[in-house]
Amino acid sequence: MKISTSVFALLAFASFAQADVLKINGSTTVNLPAAEGAEILRAEKKMDITVDTQGGSSGGISALGDGQVQIGMSSKPVSDDDRAKYPKVKFNPIHIGEDAVAMIVSKDVWDGGLQALTKQQTQDLYEGKVKNWKEVGGPDERVVFFNKEPGRGTWEVFAHWAYGDPKKAPQVSLPEVGGNEETRNKVGSTRGAISQLSSSWADGKKVFALGVKTESGEVLQPTPDNIATHKYPMSRPLFLITNGEPQGEAKTFLDFMLSPQGQELVKKHGYLALDQLKTGSP
Amino acid sequence: MISARSSLPLALRARAPSLTKSASFVFSGLAAFALAALTLIFLVQSLPVWGQEGLGYITGTKWFYRANLFGALPMIYGTVVVALIALLLAAPIGIGAAVFTSEFLPQRMRLAVKITIELLAGVPSVVYGLLGILFLRNWIYDLFARFEPLSGDTLLTAGVLLGVMILPTVMTLADDALRGVPADQRRAARSLGLNATETVLGISLPQAKRGLIAALLLGLGRALGETIAVYLVVGRQDNNLPQNIFSVRAWLEAGQTLSTKLGGSETNIAYGGSLHWAAMVGLALILMAMVLAVTIAGAWQRRTHDAASL
């Protein structure tokens, strides 16, 4: 009897403690500033926060939809499909910054002379029509395309640009990569490699961000100016998403991320803070 | 607790069920119930895909979810090949190490070595995966450069990494099996003039055969279900079934296993009652059936072994 009472008390306490933890999950891109923000709040306000990157942006959205976390991190907008899947959830995306996706290549491809791709060339690479880099002006080297997993924010931005709509992108069977760290590592250590990655993760030592060549021959680089004005075609908003208006601990966290200190973290990791986005642009 | 029970009247004491007994009954019942419930849920939720694809779900070679094409064979192939490579690697090393610890090391040294190796089993698999990304991928990529693998993400990389991961399981169970061979048998062999090697090869290994097979099967069961470490180095390429499934060159291709497919973000896309979701759950069902079959076979071998050595 005594044992069962204390076990019950323990369970009750555990579930109470559980409720006190602010749980965040989603995009590895948004994770960088968010995890650092969580670190600061843990130290300064003794808040209990866990930040996870299971399944990237779509993982963040579904974890929020299932009520497993209070905040989802996403590098893509919440789609109508997502809202249809979780009709009871009021997705409330809060814009915290802006980022760009670039096609990134390994050093040998970059040094071999390939520094920009047109949309058509990118499609041909993705669909396996181009199998050697020399066909698009690069070195004589096989193309190894590491595809970001569909469902990842990065992949969706790429598919929007290349095919107009992720649903129109042809289904391919390429080797897949998940998080940003994995992508950068694998492209950097493989000859002839290409993938889609947040441009701020391209370090310019082992992996390089390609420019986008327009039809008129102009090469657009993912510079802060080009991202802010949306001249660079693969720019994207970064979101923290809550279910309805943020409350309690979630509100404290969001207020912090939108404060000058939080926005400084967004800049620190190579993304654009809200005040850097030119007013008037869509 | 013992004193409390012994103060009860004798008749009551005989009938009162002990706490240990009823608790263990309840908990093993819970475990069996969880397994049955899980199987049932997987079965019910995957029904739509069996309805549409029939057996073609298992034998189909194309998986394109937006075209509603669901064929799991390339993933079953990947799972089997990766586990097989792991076993090919872990079997000789694991059993060899077990022979060394059980037959040649003094008892105290044996325990020290055994505990050290068992500790390896406690290392989280994501750590193995990261080591795989940092080192093993590049080693395989360079070592097999003349066969021109596209990258370091191959079935072989995943198999080698898994081999290292199941080594502790294989080794420690094989060691137990060899220790189960009565010492009298060895003494008899030695007194008949066999040397140490002949004793191991002629007496210990044959007598521990069932236990050794069980060790391999239980290691295999672990290999089949492992996700995250494989996920990071296998390449996760769909539909990459080689023309000839016995081709060894195909081991240097990227592939996909049942568990890595389930671990990927496609599970999030599929979520929500559609045919796609049924197909994902079906993969879980196939994987569970494979692991269960191997584990039960392993446990069975172990049990009959125990009975024989009594």
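The following dialogue goes through selected features of a predicted model of a complex.

Student: What confidence does the predictor give the complex, and what does it give chain B?

Tutor: The complex has an ipTM of 0.83 and a pTM of 0.84. For chain B the mean pLDDT is 89, and 92% of its residues reach 70 or more. Residues 1-5 of chain B are a stretch to read with this in mind: pLDDT stays under 50 there, and the model has one contact beyond four places in sequence for them.

Student: Which secondary-structure elements does chain B have, and how much of the chain is buried?

Tutor: Chain B has 15 helices and two strands. Of its 310 residues, 41% are buried. Along the principal axes, its C-alpha atoms fill a box of roughly 70 × 60 × 35 Å.

Student: Where does helix 7 of chain B bend?

Tutor: Helix 7, residues 125-143, bends by about 50° at Gly132(B). Gly132(B) is also one of the buried residues of that helix.

Student: How should I read the list of buried residues in a helix?

Tutor: An α-helix has 3.6 residues a turn, so residues three or four places apart point the same way. In helix 7 of chain B, the buried residues are Tyr128(B), Gly129(B), Gly132(B), Ile133(B), Leu136(B), Arg137(B), Ile140(B) and Tyr141(B). They pack against helix 8 (155-179) and helix 12 (228-233) of chain B, and also against helix 8 (180-188) of chain A.

Student: How many residues of each chain are in contact with the other chain?

Tutor: 23 residues of chain A are in contact with 25 residues of chain B. On the side of chain A that touches chain B, helix 3 (56-65) and helix 8 of chain A are the elements that give two or more residues. Helix 3 gives the most, with four residues. By class, the residues of that side of chain A divide into five nonpolar, 11 polar and seven charged.

Student: Why is helix 3 of chain A described as largely enclosed?

Tutor: Because 10 of the 10 residues of helix 3 of chain A are buried, the helix is largely enclosed by the rest of the structure. Among them are Gly56(A), Ser57(A), Ser58(A), Ile61(A) and Leu64(A). After the helix comes Gly67(A), with a positive phi near 75°.

Student: Are Lys46(A) and Glu148(B) buried or exposed?

Tutor: Lys46(A) is exposed, because its count is 7 other C-beta atoms within 10 Å. Glu148(B) is exposed as well, because its count is 9. The cut-off for exposed is 12 or fewer.

Student: Which residues touch the most other members of the largest nonpolar core?

Tutor: The general idea comes before the case. In soluble globular proteins, nonpolar side chains tend to be buried together. Here the largest nonpolar core has 138 residues, and Ala102(A), Ile104(A), Val105(A), Val82(B), Leu162(B), Val170(B) and Ala174(B) touch the most other members. Helix 8 of chain B gives the most to this core, with 15 residues.

Student: What does Ala102(A) touch, beyond four places in sequence?

Tutor: Its contacts include Leu197(A), Leu210(A), Met234(A) and Ala209(A). Ala209(A) lies in strand 9 (residues 207-209) of chain A. This alanine is buried because 22 other C-beta atoms lie within 10 Å. Ala209(A) in turn touches residues including Ile104(A), Ser199(A) and Pro222(A).

Student: Which strands are joined to strand 8 of chain A by bridges, and in what direction do they run?

Tutor: Strand 4 (residues 91-106) is joined to strand 8 by five bridges, and these two run antiparallel. Strand 6 (residues 144-148) is joined to strand 8 by three bridges, and this pair runs parallel. Within strand 8, Ser195(A) is the bridge partner of Ile104(A), and Ile194(A) is that of Phe145(A). Strand 8 (residues 193-198) is largely enclosed by the rest of the structure, because six of its six residues are buried.

Notes: Residues numbered from 1 in each chain as written. Chains lettered and ligands numbered in written order. Predicted model: local features only at pLDDT ≥ 70, side-chain atom pairs only at ≥ 80, totals over all residues. Buried ≥ 20, exposed ≤ 12 C-beta atoms within 10 Å, placed from the backbone. pLDDT = per-residue confidence, 0-100. Contact = placed C-beta atoms within 7 Å. Bend = angle between axes of the 7 residues up to and from the residue. Nonpolar A, V, L, I, M, F, W, Y, C, P; charged D, E, K, R; others polar. Core = buried A, V, L, I, M, F, W, Y, C linked by C-beta atoms within 7 Å. Pairing = 2+ DSSP bridges.
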